[in-house]
There are 2 protein chains.
Amino acid sequence: MDEMNFDMLNELLAAGKFGTLKSELNELNEVDIAEFFGSLEPKQQLLVFRILSKDMSAEVFAYLEPDDQINIVNLITDRELSELVDELFLDDTVDFLEEVPANVVTRVLKAADKETRQLINRFLSYPENSAGSIMTIEMVQLHDYLTVEEAIENIRRTGIDKETIYTCYCIDKARHLVGTIDLSELIFNDGNTLLSDIMEEDASLISVNTHDDQEYVADIVTKYDLLSVPVTDKENRLVGIVTIDDVIDVIEEEVTEDFEKMAAMTPSDDEYLKTGVFKLAKNRIVWLLILMISGTFTGKIIEGYETLLAGFVALTASMPMLMGTGGNAGSQASTLIIRGLAVGEIEIKDYFKIVMKELRVAAVCGVVLGAANILRMYLFSEGTIEVFLVVSLAMFIAIVVAKLIGCSLPIFAKIVKLDPALMAGPMIATLVDIVTLVIYFALAKVFLL
Amino acid sequence: MDEMNFDMLNELLAAGKFGTLKSELNELNEVDIAEFFGSLEPKQQLLVFRILSKDMSAEVFAYLEPDDQINIVNLITDRELSELVDELFLDDTVDFLEEVPANVVTRVLKAADKETRQLINRFLSYPENSAGSIMTIEMVQLHDYLTVEEAIENIRRTGIDKETIYTCYCIDKARHLVGTIDLSELIFNDGNTLLSDIMEEDASLISVNTHDDQEYVADIVTKYDLLSVPVTDKENRLVGIVTIDDVIDVIEEEVTEDFEKMAAMTPSDDEYLKTGVFKLAKNRIVWLLILMISGTFTGKIIEGYETLLAGFVALTASMPMLMGTGGNAGSQASTLIIRGLAVGEIEIKDYFKIVMKELRVAAVCGVVLGAANILRMYLFSEGTIEVFLVVSLAMFIAIVVAKLIGCSLPIFAKIVKLDPALMAGPMIATLVDIVTLVIYFALAKVFLL
């Protein structure tokens with residue numbers, strides 16, 4: 001798909017050729033139609049929304065930006081709203097309601113029938129980022145005593161409103177989840193086979209609980225290459241499923257959160273362009289303040305060496321470069337470890353192996369950078385060779401210390417059940433700054449005074 | 001699924017109870033069996049591999065770690081190897097071959113039949129990270145003149161070896177891709193309906209080209225919530241599909257690459273624990289060197305203010321804190337922009353809006369941090385109130401400049417078609433260091449001399 005070209009659609013809309021517009025829209029994917037909506041004025045959106053068939057309009061609605069969704073809901077009649085809620089998958093309704101003002105929520109709840117209203121309320125009460133809050137209830141449930149033929153007949157009759165029919169869920173009479181079965185199994189097996197004979201059960205039945213964290217759900221779906229995973233309540237009754245498209249959203253969200261934490265920000269679910277200035281500032285100030293105040297330590301250390309620094313300007317001049325290099329070396333190590341922990345390639349038990357590896361990597365980097373630094377200072381810097389040596393030696397040690405701190409802190413965070421992503425660049429650099437200065441001045445005292 | 005407990009399996013293996021072991025293994029998911037393999041000695045692995053049924057052993061093989069795969073391939077007979085290659089999906093074979101030494105590749109190619117060998121060679125020749133290199137050829141292809149009933153019959157007969165049957169691909173007589181159709185459409189439509197009447201075609205037919213980058217493939221699959229996407233050659237002939245499980249792997253890989261670039265490393269596909277010390281060091285040294293050498297600028301600036309610094313120790317003492325804060329403020333902005341660009345929430349055309357937003361966020365952060373800094377220095381630092389004011393004012397300006405550089409560079413990188421992830425923390429901090437020092441000393445000269 002290349003960039004969509006909406007000019008033709010816009011012309012049809014402007015010319016009032018709604019019949020042609022309707023058939024052109026029918027040719028498009030609902031994702032592209034939603035993109036087209038984004039380029040329209042509110043009133044035009046209503047017009048196009050009404051041109052679409054009921055099921056199509058609900059599908060498009062699910063892909064709209066929250067602002068456009070609110071606009072549509074505000075403009076349509078109660079009856080249209082009630083039809084929309086009826087057509088939408090429950091998880092899409094809930095996603096939408098989580099983003100909109102309270103008055104819109106009230107109006108949508110009023111428009112829903114009683115059963116849907118109860119369901120929506122139950123969904124909204126699940127803990128944020130739990131399996132319950134992202135699941136859908138539109139799944140194919142089959143009793144395990146059915147035959148393959150009966151099952152296919154059942155899917156043909158009832159499946160059309162389900163979010164996926166490709167994995168079916170087998171339940172016993174008390175609605176306990178007892179197995180899963182892929183539609184392909186149904187297609188390839190004889191019609192008289194019993195579901196209970198071919199379903200995945202016991203150790204190979206994979207499910208999650210309503211209160212499990214969404215990150216865990218994503219891990220399970222990814223690990224087992226599933227298209228959807230069943231969600232059960234405390235009594236092991238089947239209450240919903242989480243589908244792969246929602247899992248991909250979760251992965252994206254969790255990665256964004258890690259990026260934010262690693263850059264010393266309070267993570268936020270909101271889109272950058274839609275977040276207010278004060279909210280953005282608030283998310284950033286906390287860590288900036290903490291890291292700034294810890295700068296008191298580096299300040300105190302430097303104050304203690306006033307005379308030394310006054311005697312050798314190259315020592316002062318090298319401070320930013322030295323601390324920058326230490327910070328970068330530390331970030332490199334911590335980033336690899338944080339990411340390794342996140343994707344499961346690294347575990348706590350690997351710590352000793354990691355430290356040994358980082359020490360050796362640090363030695364190689366330290367020697368190369370130390371040598372390059374002597375050359376650099378010789379070419380560009382004031383001062384004696386002794387000073388250059390002190391700077392290079394301090395750099396070598398700074399790199400070793402930085403790699404050590406960088407690879408250790410994320411693992412320690414994991415051990416004490418903190419998020420390793422907090423132990424990234426900014427935090428590591430602040431600590432490395434302090435250690436580096438202490439070593440730097442100690443070396444300078446020994447070799448230069 | 002809780003952590004798997006392999007004790008029972010190990011006991012059965014040790015006791016030589018292979019019959020019971022086989023039936024216990026049959027209860028497990030192939031992903032868990034692959035995990036069990038990881039805990040075994042090479043010879044035990046061979047034993048368990050041979051206990052499994054042929055199709056099960058191929059599925060488990062696809063989930064094994066490369067080292068374990070190599071071990072198995074080295075231990076099995078040519079005949080077993082040829083059966084294994086026959087059972088494996090082509091994309092799994094290719095994935096495996098990309099990870100192993102040349103002698104193993106040669107042996108596998110010899111064991112494959114002629115047709116498979118040609119296919120493997122073609123796959124291995126696709127550019128790295130292209131759609132062609134990650135696609136599979138085991139897809140359901142249907143001629144568009146078939147009826148729904150004929151199509152289902154065709155899938156029943158031929159579909160069992162396909163990686164997915166849930167999306168079927170319609171081709172014309174010259175094998176051109178002309179449409180896609182979901183299995184659910186086949187299930188819910190009347191048997192006499194023609195595929196050409198219900199398939200997705202024209203504007204709503206979504207496909208990629210063999211040479212498209214895997215990141216683009218992942219974007220398309222994610223955007224349109226697909227379970228698989230068809231891959232065509234230059235003549236629009238259908239040559240393969242990419243399935244969602246491989247797309248998730250691509251997403252994970254690309255995110256890891258971004259993390260590595262953002263921490264000033266050359267990205268690498270290799271797992272941390274399996275990468276050698278020199279490879280790791282090489283990936284890190286390039287950027288460390290570049291950033292260190294650019295430290296020459298900060299050094300030169302500082303040398304120029306020798307007398308000023310000698311007169312006010314608090315100026316020197318505040319340097320690390322000031323530059324740390326600038327660097328952190330810049331990283332925060334660049335991280336949000338890089339991530340926003342990566343997930344498509346931010347586009348180049350938003351640049352002006354972003355700059356205005358960042359300036360206001362910077363003003364808020366700058367005022368709060370500047371005020372906090374005066375208090376901090378008053379409590380803990382030597383020096384006069386004038387010095388404290390100069391440091392705070394410099395900090396305010398540093399934060400504004402840092403946010404401006406931090407939000408601009410990723411967008412400029414995007415404009416000149418560089419990866420925005422390169423313009424992250426370390427690079428931003430290095431630039432911010434230079435600008436901050438210039439401003440800092442200029443302010444100090446004006447207010448203190």
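The buried residues of helix α18 of chain A pack against α17 (277–293) and α23 (425–448) of chain A, together with α20 of chain B. This is a predicted model, in which local features need pLDDT of at least 70, side-chain atom pairs count only at pLDDT 80 or more, and totals for chains, interfaces and linings use all residues. Residues are numbered from 1 along each chain as its sequence is written, while chains are lettered from A and ligands numbered from 1 in the order in which they are written.

In α18 (residues 295–303) of chain A, the buried residues (20 or more other C-beta atoms within 10 Å of the residue's own, these atoms being placed from the backbone) are G295(A), T298(A), G299(A) and I302(A). Seen down the axis of α18(A), they fall within an arc of 100°, so they line one face of the helix.

Between the chains, 100 residues of chain B are in contact (C-beta atoms, placed from the backbone, within 7 Å) with 100 residues of chain A. Helix α20 (residues 313–343) of chain B gives the most to this side of chain B, with 19 residues. The side divides by class as follows.

| Class | Side of chain B that touches chain A |
|---|---|
| nonpolar | 57 residues |
| polar | 22 residues |

Chain B can be laid on chain A with an RMSD of 0.1 Å by a turn of 180° and a shift of 0.0 Å along the axis, the superposition being by least squares on C-alpha atoms of residues with pLDDT of at least 70 in both copies. The two copies are thus related as by a two-fold rotation axis, and in chain B the C-alpha nearest that axis belongs to A310(B), 2.8 Å from it. Because 100% of the interface residues of chain B are also interface residues in chain A, the copies meet through the same surface.

Conventions
Contact = placed C-beta atoms within 7 Å. Helix = DSSP H or I, 4+ residues; strand = E, 2+ residues; numbered from the N terminus. Nonpolar A, V, L, I, M, F, W, Y, C, P; charged D, E, K, R; others polar. Buried ≥ 20, exposed ≤ 12 C-beta atoms within 10 Å, placed from the backbone. Arc of directions from axis to C-beta.
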